[in-house]
Amino acid sequence: MSQFAGENCPDGTSVPSPHHTNQVIYVPPTHSFKSLDNLTKHGQRSSVVHSLIQSCGLESSCILEPLRIATVSEALLAHSRHYLSVLRASSLYHYPGVANYTPYSDLDIIDFRDDEERKLHLEDAGLIDDCPTFNGVWELAMLTVGGAVVASQQLIARRANVACWFDGGRHHARFDMAHGFCYLNDVVVACKILLSEPGIRRVLYIDIDVHHGDGVEESFLYNPDVTTVSFHLAQKGFYPGTGHTITPRETPPNYSVFRVPLRRGIGDDAFISIFRNMMNLVMNHHRPDVLVLQCGCDGVYGDPLGDFNLSGKAYTSCVSYLLDYNIPLLILGGGGYDTANAARVWADVLQTCIRHVSIRKGNQAVSMSINRDVPLHDDFFDLYGPDFTRDIPTGSIPDENTSESLQHIVDEVKTVLNVIPQ
Ligand SMILES: [Zn+2]
C-alpha cells in the first residue's frame with residue numbers, strides 16, 4: 001500500500017494514515033485573460049457557479065489556488081502535437097494577436113493556405129459542429145487544463161485531501177480531436193500528472209456525468225494504472241453512443257474499465273445505491289492511491305441534455321461516500337446545461353467537502369449556513385427563480401430502471417472482479 005492510501009474506509013477496512021493536511025483546495029475560474037464563460041454551450045455557467053460559491057461564503061473556507069494556463073508539455077500528456085497545433089492555429093487564423101500565452105516552440109507551424117485547406121484541417125480535428133473554433137479557443141481550452149493541473153499538483157504537494165476545479169471534466173476530448181463540447185481533456189492530463197508522483201501507483205477515475213466518459217476511458221484502455229468507472233445513460237441515439245456494455249467487449253479484457261449503463265429516469269435513491277455498491281466492489285479490488293471524480297451534473301432533473309431524475313442529493317451523497325475513504329480526491333466539473341442547477345449542485349458539492357474535512361479536524365462546521373435560500377446579494381440572483389432556493393426538486397420522468405436491471409450490473413461486475421488477481 002502506498003503512502004497515499006487512506007484510512008477508515010466505508011467498508012470497514014483500515015489502512016495506514018496519510019500525512020497530508022485536511023483542507024479543501026478550490027481553484028476559482030478567474031484569470032486576467034478572459035472569462036471561461038466564453039467556452040461554448042455553457043453560457044455564463046463558470047461565473048454563475050463561482051458567484052454562488054462566493055455568495056454562500058464557501059470560498060472563504062477553502063484554500064484558494066490561482067488558476068494558470070497549462071503549458072504545451074502538460075497538454076501533450078493527453079493530445080497529439082498535431083492536434084494541439086491545429087487547435088492553436090485555428091484560433092490565430094480568426095483573431096491574430098491574442099494567443100501569446102504559450103510558446104510555439106513545442107508545436108508544429110500550421111499554415112492554412114486557403115479556406116478549403118483550413119476546412120479540411122478543422123474537420124479532421126473535430127473543430128466543427130459542437131466544437132467550433134472561435135477567438136481565444138486555444139487560451140480558454142488551455143485554462144481548463146491549467147485548472148486541473150494546479151489542483152492535481154496541490155494534492156501531490158499534500159496541501160489538501162480534496163481539490164475542486166469545476167471548469168474541468170472535459171471527458172469527451174480525444175487524443176487527436178475535439179468532441180462533445182470538449183476541446184482538451186483536462187481529466188487525462190490530471191491523471192497523468194498524479195501518476196507522475198512516485199507515491200501514486202493507481203488512480204481510480206469515476207465519472208457520474210449523464211454521458212459516457214468515452215474520451216478518458218479510451219485514453220486509459222490499456223493502462224492498468226488507471227481504472228475507469230462511468231455511470232451514464234446508455235440509450236439508443238443518446239450521445240456519445242458508447243458504453244452500453246459493462247466491460248468493453250471490443251478489446252482484450254483488462255479489467256480496469258467498468259461501465260454502469262443506466263436507463264432513463266433513475267432517481268436519487270437508486271443512483272446512490274448502485275454508486276455505493278459499485279464503488280465498494282472496485283475500491284476493494286483496485287486499492288487506488290488517489291480518486292478523480294468527474295462530477296458532471298447533467299443528470300439533474302430538467303437538464304436540457306439529460307434524462308435522469310436526480311437532485312443535488314445524488315451528487316453530494318456520492319461525494320460524501322468517496323470522502324469517507326480519506327484518499328486524496330480531485331473533483332472536476334463536466335456537463336450541466338441548466339446553469340442555475342449546475343451552480344446549485346457544485347456549491348453543495350464544495351460545501352460537502354468543507355463540512356467533511358471540518359468534521360475530520362474536530363471542528364464545528366460553523367461557516368456552513370443551513371439557510372437554503374440563494375443569497376440576495378448573489379450577482380445572478382434572478383436566475384434562481386421562482387423559489388430562489390438552492391434546492392433542486394426530484395424529477396418525475398418514468399424510471400425505466402428496475403431493481404433487477406440494476407442488480408444485474410452489480411452481479412456482472414462481481415463476476416468480472418472475481419477473476420482478477422488482487
Ligand atoms: Zn454530459
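Student: Which residue is the bridge partner of tyrosine 26 in strand 3?

Tutor: It is cysteine 164. A word on the source: this is a predicted model, where local features need pLDDT of at least 70, side-chain atom pairs count only at pLDDT 80 or more, and totals for chains, interfaces and linings use all residues. Residues are numbered from 1 along each chain as its sequence is written.

Student: How do strands pair in general?

Tutor: Strands of a sheet pair through backbone hydrogen bonds, either parallel or antiparallel. Here, strand 1 and strand 3 pair in the parallel sense over three bridges. Two strands count as paired if DSSP finds at least two bridges between them; strands (E, at least two residues) and helices (H or I, at least four) are DSSP runs numbered from the N terminus.

Student: What is the strand order in the open sheet?

Tutor: The eight strands follow the order 2-1-3-8-7-4-5-6, with parallel pairing. Strand 2 (63-64) and strand 6 (257-262) each have a single partner strand, so one side of each lacks a neighbour in the sheet.

Student: Which residue of strand 8 stands opposite valine 162?

Tutor: That is leucine 329. Strand 3 and strand 8 are joined in parallel by four bridges.

Student: Are the residues on the two faces of strand 3 buried or exposed?

Tutor: In a regular strand the side chains alternate between the two faces of the sheet. Val162 and Cys164 on one side, and Ala163 and Trp165 on the other, are all buried (20 or more other C-beta atoms within 10 Å of a residue's own, with C-beta atoms placed from the backbone).

Conventions
A residue is buried if 20 or more other C-beta atoms lie within 10 Å of its own, exposed if 12 or fewer, and partly exposed in between; C-beta atoms are placed from the backbone.
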